[in-house]
Amino acid sequence: MAFDFDAAVSAPFRMQPGLRRLAPGANHLTPLAAGSRHQREKLAVLSAFASDALLVRPGFDAAPALDALCAHAAAEHPEAFAWDGERATARRFGVAVHGERVERADDARFGPGAEIERCLKLLPPPWRRAGLLSLGFAEDFAVVDGDDASLPWLAVALPSHWAPEQKIGRGFAAVHAPVADNRLIVQAAEGLTRLVTDGGARERFVWNVTPHPRLHAHPRRVDPDAWLHTPVERAGWRTERQTFLPVPGRRQAVFTIEVQLQPLAEALAEPGRAARLHAAIESMSPAVLAYRGLGGVREPLLAWLRTQT
């Protein structure tokens, strides 16, 4: 997993940006294997709930950012993706989007290539290239606009308990307004936006303990009472690695979000991790615990973590 546990989990816990410069040679993107968990869930979402995942502010032109993302994907993973300026090709699946037309290689008639082709053809033509990128890589994508510190374009099939349709076009401070203890994040909004759109590539990490078993966690498709029938020892460890890829010649960045989910016990297998997580959760304010859905399970979760140290 790309998640950096030691960098992300600390006490006292604070809601803060946590940006760091991307290490030389570090990748932004993670190519998907045919039939992987990410691909299966993304296919389901884009086939049934595309209007929840693919959103754009009226009048915004995402083409420069998509061009930059395609070029970067081809340079970073030439075995998985190709881009010639007009045609984007997911090489592992034999599917391409040329302009707004979906194309398929003859040897991709069956299997994942056929599923991807069907899914892309169901999407509105302007969204097909974004759909191909989404199904070819683990990451979800957004565009950060440095001119007004907003998110004018989203391709997010695997949100972590937030609704993309409520964030589209909103400013950075407004997007983070519901976040508990958000003072540091909101105060840094302008500087952060300038940093990720004008500077070098950056990354940050987010984590939570969750009873929700799927990568796709749109609020309308999450059981609000899941903790009532999920013992903490069967909880999941949900993480995000987020990166920011500046768009050449624009005050924009492509924001990538790689969601991962594994059993909590598995994530804590390395020595010291359970104690580190215990200290972080123990230090959370009531507002942060409520925001992260941990208020009602704080005590049993802390008790179980103590048995793992």
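This is a predicted model: local features need pLDDT of at least 70, side-chain atom pairs count only at pLDDT 80 or more; totals for chains, interfaces and linings use all residues.
Strands of a sheet pair through backbone hydrogen bonds, in either a parallel or an antiparallel sense.

The length of α4 agrees with expectation, because 14 residues at 1.5 Å a residue should span 20 Å and the end C-alpha atoms of the helix are 20 Å apart. Buried positions in α4 are Pro64, Ala65, Leu66, Ala68, Leu69, Cys70, Ala73, Ala74 and Glu76. An α-helix has 3.6 residues a turn, so residues three or four places apart point the same way. The buried residues of α4 pack against β7, β8 and β11, and also against β3 (81–83), β4 (87–90) and α6 (128–136).

A second open sheet consists of four strands in the order β3-β4-β5-β6, again with antiparallel pairing. Here β3 and β6 (101–104) stand at the edges with a single partner strand each, so one side of each is left without a neighbour in the sheet. From one strand to the next, the twist averages 15°. Helix α4 packs on this sheet as well, touching β3 and β4, with its direction at about 130° to that of β3. Helix α5 (residues 112–122) also packs on the sheet, where it touches β5 and β6 and makes an angle of about 170° with the direction of β6.

Antiparallel strands β3 and β4 are joined by three bridges, and Trp83 has Ala88 of β4 as its bridge partner. The two strands form a hairpin with three residues between them, and Gly85 in the turn has a positive phi of about 100°. Strands β4 and β5 pair in the antiparallel sense over four bridges, with Val97 of β5 as the bridge partner of Ala88. A hairpin is formed by β4 and β5 too, with four residues between them; Gly94 in its turn has a positive phi of about 65°. Four bridges join strand β5 (residues 95–98) to β6, the two running antiparallel, and Ala96 stands opposite Glu103 in β6.

In soluble globular proteins, nonpolar side chains tend to be buried together. The largest nonpolar core of the model contains 55 residues, and those with the most contacts inside it are Phe81, Leu120, Leu132, Leu133 and Trp153. Helix α4 provides the largest share of this core, seven residues. Apart from neighbours within four places in sequence, Leu132 is in contact with Phe81, Ala88, Thr89, Ala90, Val95, Ala96, Val97, Ile116 and Leu120. A second, separate core comprises 29 residues, among them Met15, Val232, Leu294 and Leu305.

Aromatic rings form eight pairs. In one of these, the rings of Phe3 and Phe205 have their centres 5.6 Å apart and their planes at 85°, so the pair is edge-to-face. This pair links distant parts of the chain, since Phe3 lies in the segment before α1 (5–8) and Phe205 in strand β9 (residues 202–210), 202 residues apart. Phe3 counts as buried at 12% relative accessibility, as does Phe205 at 14%. The rings of Phe5 and Trp237 have their centres 5.5 Å apart and their planes at 35°, so this pair is tilted. It too links distant parts of the chain, with Phe5 in helix α1 and Trp237 in strand β10, 232 residues apart. Phe5 is buried with a relative accessible area of 2%, and Trp237 is buried with a value of 1%. Ring pairs link Phe3, Phe5, Phe13, Phe205, Trp207 and Trp237 into a cluster.

Notes. Residues are numbered from 1 along each chain as its sequence is written. Side-chain values use heavy atoms; hydrogens and water are left out. The expected span of a helix is 1.5 Å times one less than its number of residues. Buried means under 20% relative accessible area, exposed over 50%, partly exposed in between (1.4 Å probe, protein chains only). Contact means heavy atoms within 4.5 Å. A nonpolar core is a set of buried Ala, Val, Leu, Ile, Met, Phe, Trp, Tyr and Cys residues joined through side-chain atoms within 4.5 Å. Rings of Phe, Tyr and Trp (its six-membered ring) pair if their centres lie within 6.5 Å; planes under 30 degrees apart count as stacked, over 60 as edge-to-face and the rest as tilted. Two strands pair if DSSP finds at least two bridges between them. Axes are lines fitted to C-alpha atoms, for helices over the stretch in contact, and angles run from 0 to 180 degrees between N-to-C directions.
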